[in-house]
Amino acid sequence: MAIEDDVLVIGGGIAGATAALSAADEGADVRLVTHKESTLRNASGLIDVLGYLPSDDADGASEGPLVDPFAAIPDLPETHPYRTVGVEAVREALSFFDGILGDAYHGAHTDDNALVPTQGGSVKPTARYPRSSAAGLASDPRDALLVGFETLPTFEGPLAAAHLEAAGVPFQARGVTLSFPGIVRDDAKVTRYAHLLDQDEAVSRDGTGAREALAAAVQPHLEGEERVGFPAVLGDEHPDEVRAALEAHLGVDVFEVPMGPPSLPGLRLEDRLYAALEAAGVEVRSGVPVVDYESDGDDGRIDRVVVDRNGAEIPHRADQYVLATGGLVGKGVESNRERVIEPIFDCHVPHATDRYDWFSEDAFGEHPFARFGVVPDGELRPRDGSGNVEFENLRAAGAVLGGYDYAAEKSGAGVSIATGYVAGRHAAARSTDARARVATNDEVTPQ
Amino acid sequence: MSDADRSIDDRGTDAGDKTELERAGDVETAGPGNDFDPVQVFPESEEMDLRPGADDCYKCSTCDTSCPVAEVDDEFPGPKFQGPEQWRLKRQEDHDIDETVMKCSNCMRCDGACPSDVPLSQMHNTARGEYVQKEMSKLSVEYWRNRTLANYRRLAPLAATFPRTSNFVMGLGPVRWLGEKLFGVTSEREFPEFATETFRAWWAKRGGTETSRRRAKAARAERGEEGSEKRIAYFHGCYANYNTPEVAKALVRVYEHFGYEVMVPEQRCSGTPMFANGMLEDARRAAETNVDELATAIEEGADVVASCSSCSMSLRQEYPELFDLEGVDDVAANTWDAVEYLQVHEDLTGELEETSVEGVAGMEDFAYHAPCHARNQGLAGQTREVLEPIDGVEVHDVGDSCSGISGTYGWKEEHYDTSMKIGEEMFEHMEAADAEAGLTECPTCSMQMGHGTGYEITHTLEVLEAALVGDGSDGGGARPDR
Ligand SMILES: Cc1cc2nc3c(=O)[nH]c(=O)nc-3n(C[C@H](O)[C@H](O)[C@H](O)COP(=O)(O)OP(=O)(O)OC[C@H]3O[C@@H](n4cnc5c(N)ncnc54)[C@H](O)[C@@H]3O)c2cc1C
Ligand code: SF4
Ligand code: SF4
């Protein structure tokens, strides 16, 4: 007896979660198996669709920032995943995703990219941003105070403010560095800051809570600014409450500046997605890798995959499979000295035979390895070296796909969402087909 | 922003040798391809060779975001430091193991976080072992307190011989107060009650494997599975034996219901509390017995099942990581969580679809907490899924927070507050859930859940028993004993 479902999604990043939600939305029974935490904890929590067009020249200079990412999609190379699924599917996928995010994210009202200040004081074009960053947009003319903390060296208020001004934002930015009440460790974890604020823990002898104490520390530094930005550590469980409390104490708007890894907005997005999966009835199993598959005869279908539990092999069978194991970071694509591989199904990953051609001489140039990944057909089924579909019932989504460079284009979440959505829809449709076929066969089979 | 970071891994053979690829991207080597071999820590090898593991760390700090201790304790530097960084530091002659490693609760959450497969908990376990061996005074109260807690199993038989007296004495306020003052065991907690009859005593009285074989055979006949042989070896661990034999009995009845002959091999503590206290020598001795006995049972055609998630974790992951024993991989590969085993080998859902626990007291609505050690084995959602078809029971998952007790951790006076701070989120979620009773598979999580909310806590196997075999108070389940 194996564990059985209509659709099995492998990988629990933003692509896998979207694929599972999209398939469940179509009525399929879905299970998601994932090995480790996804790269969401490393990502900023911003939903980038397309910030820059990839360049044609080898020096990596790109065109952008783009105002309307959707309008730019037809200009992408034909092998780009957005071109594979088409701009309409990208829009549909995003509005599906907007439904999952509810009012936790902003940006759906317009096609234009929003400009969100980031931790180094640069401005990033992004399609959706968390509510906690809403008061911080660079297009907003209100003056801003940026607060950094001595114990959190990855965000320096004064430096970020100076960079923002140099970038030509339409307001005045000023920065200060304070000590965070209740934290003494130099390398305290971001979750530590968040926990103090979430639980409003007493941080002084007189029992003052962390929220009030933080506001009191900031208050004397306000010089008429109408908004205050903090690094993104303002709560994990209760970020809205924390921000509201700070706003009430300070009497101005409060926003978070998205941070690099590890990132609380990324963690919160992950929590939200997993809550949505639970609500949609998707069975999620994490902590265990899929290591192998078995196919039934030579009809080109995957019969079951094998999940490894410390040596015990647990079969999982489904009608349709979605591969969403990530790229080189997520371990969906791996490389050795000879070749680049997709480790579970050994799907074809095109790459130069000479590994010296896998990267560019220039560290910041256009590296071919950034685009490594499987090559799909129109239904996102990986194709082999001669262009044939590898398995009839396997689709791929997210960073395991080749043909794009999320870091250069700022397209990571967008591609994962668009391809996850499309892969999930196709998988559900096929499995419903299959069920219907079985049902009709039963009817016509003579007794 | 940092999303410009483009990490790439290389499944090269030589971890120390940087490839051109890496130089181009200036990233460190990572990847399971540098096949990371379990190392022998005791007794021969003095040096732990965790180099490949340490080299795999690319310092993304993802592990730090999943550490429940770092979240509430400002003094704890987190898994990245305790693991790969401390390992590197320690290579320099004058660097001792940092004492903060004793603050790690061994919840093993960091293992599940690391995208680069760095063996964090193995690093922590070995570092803790070395710290206790080299730096902790064998005359200190702390050492003996830890050793006692870790070897609870040794005291348990005594207490179990006089359960009523023990329960009475342990419950006395002054005794608990003295425990804290002299021994550093928190007076905040109620000692777990000892059962008046241990599971093994019940098992022997019931006729041991003989009886089980007979009952299993009868069940197979009834199920139309004649001719097949189904056999499991039950690793009950200490807690189910001494404190909650009802869980162990539930397992026996449920398995016999499916036609499994149950064996109960000789066994010692799984070692979980010993790993957490750096008592690796003690753990190794226990492991030797366990691996020996279980390997024999496997040879006799049994698969091993455990009802406690920390026990199965220990047999599956920690043993092969820490001890180079004959048969250790075999035991790991053939050990299962008790419910998982049924889910894979039987049509559990089909069987449960017709069942009901309607009207069984205390079995309506549960606030379910998945123990960290179940989570790490990929079992987080299992209980909710499995119990779903049973009529009359509702399982509300209270989310992914850690309960905070982590075995002996929350018993120590110095960790009690940390333990309760970690647990706070779970308590809040339990209280917010539509249930007045708790459900989990880990004995110490269950203590913490009860302690923080005052709820009664049940084990998944008990619910399965109620659904499949009814009330088994006759010692043999609802089926007539043939
Ligand atoms: C440091 C960093 C910062 C980033 N910043 C941004 C940003 O600011 N904005 C943005 O839009 N994008 C950003 N990205 C990119 C974005 O995170 C990714 O492009 C996108 O999230 C990829 O999602 P995914 O679901 O395809 O893969 P992943 O998130 O990599 O998830 C893959 C999942 O599959 C699991 N898995 C792998 N192998 C197996 C197996 N054999 N069995 C079971 N499970 C398996 C992994 O454990 C993992 O959970 C960033 C990426 C990184 C690394
Ligand atoms: S085992 Fe748990 S407590 Fe210890 S470092 Fe890892 S996550 Fe933290
Ligand atoms: S998650 Fe893994 S790679 Fe990242 S810092 Fe921790 S140990 Fe290193």
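# Close-up views of a predicted two-chain model

Figure 1. S61(B) sits in the loop that joins helix 2 (51-55) to helix 3 (62-65) of chain B. What is the phi of S61(B)? Its phi is positive, about 70 degrees, although S61(B) is not a glycine. As a rule, most residues other than glycine have a negative phi.

**Figure 2. A cis peptide bond between two prolines.** This view moves to a loop of chain A, the one between strand 10 (253-257) and helix 9, where P262(A) is found. The peptide bond that runs from P261(A) to P262(A) is cis, and its omega is near -10 degrees. For background, most peptide bonds are trans.

**Figure 3. The two domains of chain A.** Chain A is assigned two domains. Domain 1 of chain A is pieced together from several stretches, 3-16 + 25-103 + 267-305 + 315-340 + 349-441, while domain 2 of chain A covers 119-257. Taken over C-alpha atoms, the centres of domain 1 of chain A and domain 2 of chain A are separated by 34 Å. Where the two domains touch, domain 1 of chain A contributes 17 residues and domain 2 of chain A contributes 15 residues. How much area is buried between domain 1 of chain A and domain 2 of chain A? The answer is about 1300 Å², with carbon and sulfur atoms giving 50% of it. On the side of domain 1 of chain A, the residues that lose the most area to domain 2 of chain A are L46(A), I47(A) and R268(A), which together make up 42% of what that side buries.

**Figure 4. Charged and polar partners between the domains of chain A.** Staying at this interface, we now look at who pairs with whom. Four salt bridges are found across the interface of domain 1 of chain A and domain 2 of chain A. A salt bridge to look for in chain A joins E256(A) to R268(A), with their closest N and O atoms 2.9 Å apart. Nine residue pairs are in polar contact across the interface of domain 1 of chain A and domain 2 of chain A. Sorted by class, the side of domain 1 of chain A that touches domain 2 of chain A has eight nonpolar, three polar and six charged residues.

**Figure 5. Domains 3 and 4 of chain B.** Chain B is divided into domain 1 (3-134), domain 2 (141-183), domain 3 (199-349) and domain 4 (355-468). Here we zoom in on domain 3 and domain 4 of chain B, whose C-alpha centres lie 22 Å apart. Their contact takes 26 residues from domain 3 of chain B and 23 residues from domain 4 of chain B. About 2200 Å² is buried between domain 3 of chain B and domain 4 of chain B, and carbon and sulfur atoms give 65% of that area. How many salt bridges are counted between domain 3 of chain B and domain 4 of chain B? The count is one. In chain B, E465(B) forms a salt bridge with R253(B), and the closest N and O atoms are 2.5 Å apart. Several helices supply at least two residues each to the domain 3 side, among them helix 15 (245-257) and helix 18 (309-322) of chain B. Helix 15 of chain B gives the largest share of that side, seven residues.

**Figure 6. The surroundings of ligand 1.** Residues from chains A and B surround ligand 1, so this site is shared between chains. Of the 33 residues around ligand 1, those that come nearest are K36(A), T39(A), S44(A), V290(A) and A399(A). Look also for polar atoms facing oxygen atoms of the ligand. A polar backbone atom of I14(A) is 3.1 Å from an oxygen atom of ligand 1. The side chain of K124(A) has an N or O atom 3.0 Å from an oxygen atom of ligand 1. For S416(A), a polar side-chain atom lies 3.2 Å from an oxygen atom of ligand 1.

**Figure 7. The shell around ligand 2.** Which residues come nearest to ligand 2? Of the 13 residues around it, they are C67(B), C104(B), C107(B), M108(B) and C110(B). Helix 4 (68-72) and helix 6 (109-113) of chain B each supply at least two residues of this shell. By class, the shell around ligand 2 holds nine nonpolar, three polar and one charged residues.

Note on methods:
Residues are numbered from 1 along each chain as its sequence is written. Chains are lettered from A and ligands numbered from 1 in the order in which they are written. This is a predicted model: local features need pLDDT of at least 70, side-chain atom pairs count only at pLDDT 80 or more; totals for chains, interfaces and linings use all residues. Side-chain values use heavy atoms; hydrogens and water are left out. Domain bounds come from an automatic or database domain assignment. Contact means heavy atoms within 4.5 Å. Buried area is the accessible area (1.4 Å probe) that two parts lose on being put together, summed over both. A salt bridge is a side-chain nitrogen of Lys or Arg within 4 Å of a carboxyl oxygen of Asp or Glu. Helices (H or I, at least four residues) and strands (E, at least two) are DSSP runs, numbered from the N terminus. A residue is near a molecule or strand if one of its heavy atoms lies within 4 Å of it. A polar contact is a pair of N or O atoms within 3.5 Å; within protein, one must be able to donate a hydrogen and the other to accept it, and residues adjacent in sequence count only if both atoms are side-chain atoms. Ala, Val, Leu, Ile, Met, Phe, Trp, Tyr, Cys and Pro count as nonpolar, Asp, Glu, Lys and Arg as charged, and the others, Gly among them, as polar.
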